[in-house]
Amino acid sequence: MGAESGTESIRVHALHALAYCERLFYLEEVEEIRVADAAVYAGWRLHVELAEDGERVELELASEALGLHGRVDAVWRRDGVLVVYEHKRGRPAQGKQGPEAWPSDRLQAGAYALLAEERFPRAPIECRVRYHQQDTTVRFPLDEPLRRQVREAVARARELRARTARPPVTAQERKCARCSLAPVCLPEEERVTPAGAARPRLFPEDDTRQVLHVTVPGTRVGREAEQLVVVPPEGQEVRVPVRTVSALIAHGAVQVSSQALGLCVHNAIGVHWFTGGGRYLGGLGGGGGNVQRRLRQYEALRQEEVCLTLARRLVLAKVDGQLRFLLRASRGEPEACSEVEVAVRDLRALLPQCLQASSLDSLRGLEGAGAARYFGALPSLLGEDVDARLRFEGRNRRPPRDRFNAVLGFLYGLVHREVEAAIIAVGLDPAFGFYHQPRGSAGPLGLDLMEQFRVPMVDMPLVASINRKAWDPEADFEVTPEHVWLSKAGRAKAIELYERRKRERWKHNVLGYSLSYARLVELEVRLLEKEWTGSPGLFAKFRLR
């Protein structure tokens with residue numbers, strides 16, 4: 001069973017994943033996606049503790065003939081028998097004759113035994129798997145059935161590696177609940193149909209880490225050990241453990257050292273830069289995708305019909321969100337103002353047209369018409385007692401010429417950053433979208449996806465904050481005849497408003513479980529990828545209540 005010339009060797013640990021779930025094997029070995037959850041960290045700690053106690057002697061093994069390589073926990077010689085030893089954190093399977101090794105553990109130990117047999121020929125081989133949760137050791141021989149299982153697994157692994165499509169979600173749902181890659185695979189979301197009942201969630205609710213915004217000009221961000229050290233031009237330095245940070249955002253003239261950048265990259269933390277006025281410049285992602293994932297994206301989004309279908313649903317979701325916000329904000333009013341009534345009527349008329357649009361250009365026309373009606377009615381949602389300097393008289397930007405647009409543009413920039421970071425973390429290419437045309441430095445895919453989040457993550461909290469008089473027209477803004485910017489105090493207030501909104505939770509109208517807006521962004525990116533990986537139908541389906 002010699003390896004074919006040029007065939008890449010298979011990791012023995014990958015056979016463990018293969019025996020557990022072929023989709024897990026594909027995601028880890030072909031798409032190179034690996035997620036360390038609590039169970040994975042617990043396994044690592046076990047192996048460190050064993051090494052400290054002197055119970056573990058690792059051995060690197062490889063075979064060109066077998067097409068396998070890996071690091072076995074220990075190989076011992078006992079009474080003339082070569083013992084291949086594997087440590088597992090959990091408990092063994094229960095068989096008719098007592099404790100047994102799980103099939104995936106049995107396959108992994110058998111593969112190591114074959115490698116050890118080649119390294120140490122003519123010695124009898126025994127496999128042992130120690131399960132630490134019950135302090136039980138399971139023993140079994142390297143017999144012909146196990147040899148055959150290993151050979152068949154290696155052949156199957158090579159077959160899956162040659163594919164460009166992911167294997168389907170496993171039918172054994174119990175496996176998904178313990179899988180570290182469930183947040184990427186989204187098996188429960190894939191099993192849900194738009195008309196079906198939601199199942200228990202596997203997508204994580206929240207990332208408990210913080211987004212570190214650095215807004216003071218002249219501040220330096222450095223590194224000391226596993227901490228980010230923020231040193232403002234005046235005042236006390238701040239030390240932030242890197243494990244508590246999900247993203248570092250530099251606003252304006254902020255210097256980030258190469259050591260700090262290296263620490264962030266090593267820990268999959270995104271680093272992003274904004275101008276002092278709030279325009280998003282770009283960033284380093286906290287993750288990445290491999291060739292296969294992006295090739296699938298390119299292949300799908302080169303097809304006009306695929307792009308048009310996705311764009312229809314995107315524009316429909318945006319217009320529907322604008323309509324729902326106007327209805328919600330004017331609910332309970334004894335007499336809705338004429339601007340809102342007209343906008344609601346016209347937006348309702350646009351909804352069926354979005355699904356029938358015959359081209360991207362016609363969709364852009366419908367989106368523009370919807371935006372004109374929506375922004376025309378938005379001033380009516382502000383209370384009569386709102387300071388005139390904070391009122392909204394229409395959309396303007398680059399640069400903003402009034403206070404409302406200054407905050408609006410700044411917050412839209414934060415949403416764009418959020419979306420692009422999620423795109424990169426998921427492993428897609430922000431530069432290849434389906435609706436917006438390439439222009440400037442902004443990636444079209446980021447511009448596409450952020451359309452869904454403008455209303456719920458920016459417009460709604462901003463209007464509410466102005467109505468409750470949270471803004472100081474003087475202290476929170478810098479005003480010149482040509483433009484209006486947020487002041488230092490204003491930027492801090494806008495960031496707090498946005499971060500607080502991200503943490504708010506709501507129940508997904510299709511999937512049936514609650515999550516924060518911050519998690520919704522990543523979920524939507526992953527649902528978009530499913531549109532071309534065999535499970536379409538859930539992208540751009542969430543709606544405001």
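## Sheet, rings and a buried glutamine

Strand β10 and strand β14 (residues 245-251) run parallel and are joined by five bridges. Strands count as paired if DSSP finds at least two bridges between them; helices (H or I, at least four residues) and strands (E, at least two) are DSSP runs, numbered from the N terminus. This is a predicted model, in which local features need pLDDT of at least 70 and side-chain atom pairs count only at pLDDT 80 or more, while totals for chains, interfaces and linings use all residues. Residues are numbered from 1 along each chain as its sequence is written, and side-chain values use heavy atoms, with hydrogens and water left out.

**The open sheet**

- Four strands make up an open sheet with mixed pairing, in the order β10-β14-β16-β17.
- At the edges stand β10 (210-214) and β17 (280-284), each with a single partner strand, so one side of each has no neighbour in the sheet.
- On average, neighbouring strands of this sheet are turned by 20° against each other, direction ignored.
- H213 has I249 in β14 as its bridge partner.
- Helix α9 (residues 258-266) lies across β14, β16 (270-274) and β17, and runs at about 130° to β16. Axes here are lines fitted to C-alpha atoms, for helices over the stretch in contact, and angles run from 0 to 180 degrees between N-to-C directions.

**Aromatic pairs**

- Rings of Phe, Tyr and Trp (its six-membered ring) pair if their centres lie within 6.5 Å; planes under 30 degrees apart are stacked, over 60 edge-to-face, and the rest tilted.
- That rule gives nine aromatic pairs.
- W506 and F542 have ring centres 5.7 Å apart and planes at 55°, so the pair is tilted.
- W506 belongs to strand β20 (residues 505-507) and F542 to the segment after α18 (517-530), so the pair ties together parts 36 residues apart in sequence.
- Y374, F375, F392 and F404 are linked into a cluster by ring pairs.

**Charges over rings**

- R78 lies over the face of W76, 5.3 Å from the ring centre; the rule asks for NZ of Lys or CZ of Arg within 6 Å of the ring centre and within 35 degrees of the ring normal.
- K175 places its charged end over the ring of Y20, at 5.2 Å from the centre.

**Around Q452**

- Q452 sits in the loop between α15 (444-450) and α16 (454-467).
- With a relative accessible area of 5%, Q452 is buried.
- Leaving out residues up to four places away in sequence, Q452 touches L314, E524, F539, A540 and F542, where contact means heavy atoms within 4.5 Å.

Methods
Buried < 20%, exposed > 50% of the residue type's maximum accessible area, 1.4 Å probe, protein only.
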